[in-house]
Amino acid sequence: MSEWAIRTDGLTKHYGRVRALEEIHLRVPAGRIYGFVGPNGSGKTTAIASVLGLIRPTRGSIEVLGVCQGSRDFPAALAQVGALVQAPAFYPYLSGRDNLRVLGSTRSMVSDRDIDEALSMVGLTERANDRYQFYSLGMRQRLAIALALIGHPRLVILDEPTNGLDPFGIQEVRQLIRGLGAQGLTVFLSSHLLYEVEQVCDEVGVIVQGRLVAQGPVEELLRTRGIRIRVSPGERHNGHPEGVDGHNGALARAAARLIEQLPWRPRVQVQGESVWVDAPPDKGAELTRVLASQGLWISELVPVRSTLEQYFMELATGRQAEGGVRS
Ligand SMILES: Nc1ncnc2c1ncn2[C@@H]1O[C@H](COP(=O)(O)OP(=O)(O)OP(=O)(O)O)[C@@H](O)[C@H]1O
Ligand SMILES: [Mg+2]
């Protein structure tokens, strides 16, 4: 089995003067949940449609489940891919089960057992015989995912699977996707919601204006930024000149000055009685020692993980390299 469920090299798609995709190198590891995230119009659907062979890229190569697009074996590889790109046109007056029978059979031979398994995977077994028109939005979306799951695909591609759902629907779909990942399927999903990707996915690719600006395991992308440490010199310490009047703000400023002078030149910001320091996690002990040596005692030291949202905003606005403390 190939290491990559999806691999593209130099994938480019131009619609006339619109550069929808520019040199995209996707690496979707087999057996992982990959979130493809980017704002509206950034090229997510174009990339997905290219991978599925629904549109022809301007240039670049695409491999799905280890097989090159254009090769003789590619249709067989695609047969192992379940995809939800556009909302399927379900029939309102048919039951969920009958909808899967009708729409599923346009793709391949579908047995009742395949349908029951797909219904069970999305948690719709109990409601399978109810009419589609009485389904909630969340149930409708789960049925759409069930359609992609018929026949045990190895790779499931979902374009914006939570789009238009309320928080309950989102939660349902999120749990479903986690469940698919737990069963060892590779899931590739797109979203413009970062927190969603952060909660569900192991891997992330960030696309902005047709360019893949970051890609890798979620943990790693966040870790590379380091963490922020909050230092509150809350305890007035006798003997420290700035602590005499009990001005903790002054203590914070004194702490900030000390920290700024450390050889690794951390970025520091004073906020009221607290000091925010951009520092990797292993600097906590050094900060504690330096401040204590000057009679400043840390009352609170909190490692702060940045969210994918912050990371994304920085990438999108090109401020990542600048670093620094923001809040
Ligand atoms: N058939 C087409 N002809 C011309 N331009 C197109 C076509 N399809 C997409 N585009 C353009 O390509 C760019 C990428 O569109 P795409 O639909 O891939 O983005 P997206 O990330 O899926 O957006 P959304 O989050 O809104 O679904 C956009 O500028 C879009 O207008
Ligand atoms: Mg789209």
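These legends go with a set of close-up views of a predicted model. Residues are numbered from 1 along each chain as its sequence is written, while chains are lettered from A and ligands numbered from 1 in the order in which they are written. Because this is a predicted model, local features need pLDDT of at least 70 and side-chain atom pairs count only at pLDDT 80 or more, although totals for chains, interfaces and linings use all residues; side-chain values use heavy atoms, with hydrogens and water left out.

**View 1. The whole protein chain.** Here is the chain before we zoom in, with 11 helices and 15 strands (DSSP runs numbered from the N terminus: H or I of at least four residues for helices, E of at least two for strands). Of its 327 residues, 46% are buried (under 20% relative accessible area with a 1.4 Å probe, protein chains only; over 50% is exposed, and in between is partly exposed). Take the contacts (heavy atoms within 4.5 Å) between residues at least 6 apart in sequence: 67% of them join residues at least 24 apart. The accessible surface is about 16200 Å², and carbon and sulfur atoms account for 50% of it (Shrake-Rupley method, 1.4 Å probe; for residues, only the protein chains shown count as cover).

**View 2. The shell around ligand 1.** Among the residues surrounding ligand 1 are Y15, P39, K44 and T46 (near means that a heavy atom of the residue lies within 4 Å). Sorted by class, the shell has 4 nonpolar, 6 polar and 2 charged residues (Ala, Val, Leu, Ile, Met, Phe, Trp, Tyr, Cys and Pro are nonpolar; Asp, Glu, Lys and Arg are charged; the others, Gly among them, are polar).

**View 3. Polar atoms facing ligand 1.** A polar backbone atom of G41 sits 2.7 Å from a ligand oxygen, and a backbone N or O atom of G43 is 3.0 Å from one. T45 uses a polar side-chain atom, at 2.8 Å. Taken alone, ligand 1 exposes 640 Å², and the protein buries 58% of that.

**View 4. S42, in the loop between β4 (33-37) and α1.** S42 is buried because its relative accessible area is 2%. Its side chain reaches the backbone oxygen of P39 at 2.6 Å. Leaving out residues up to four places away in sequence, S42 touches A20, I207, V208, Q209 and G210.

**View 5. E160, in the loop between β8 and α6 (167-182).** E160 is another member of the shell around ligand 1. Its phi is near 50°, a positive value in a residue other than glycine. With 15% relative accessibility, E160 counts as buried.

View 6. The chain averages a pLDDT (the predictor's confidence in each residue, from 0 to 100) of 84, and 83% of the residues score at least 70. Residues 233-238 stay under 50, with 18 contacts beyond four places in sequence in the model. Residues 319-327 are also below 50, with 22 contacts beyond near neighbours in sequence. Where pLDDT is low, the predicted coordinates should not be read in detail.

Terms used:
Polar contact = N/O pair within 3.5 Å; in protein donor to acceptor, adjacent residues only side chain to side chain.
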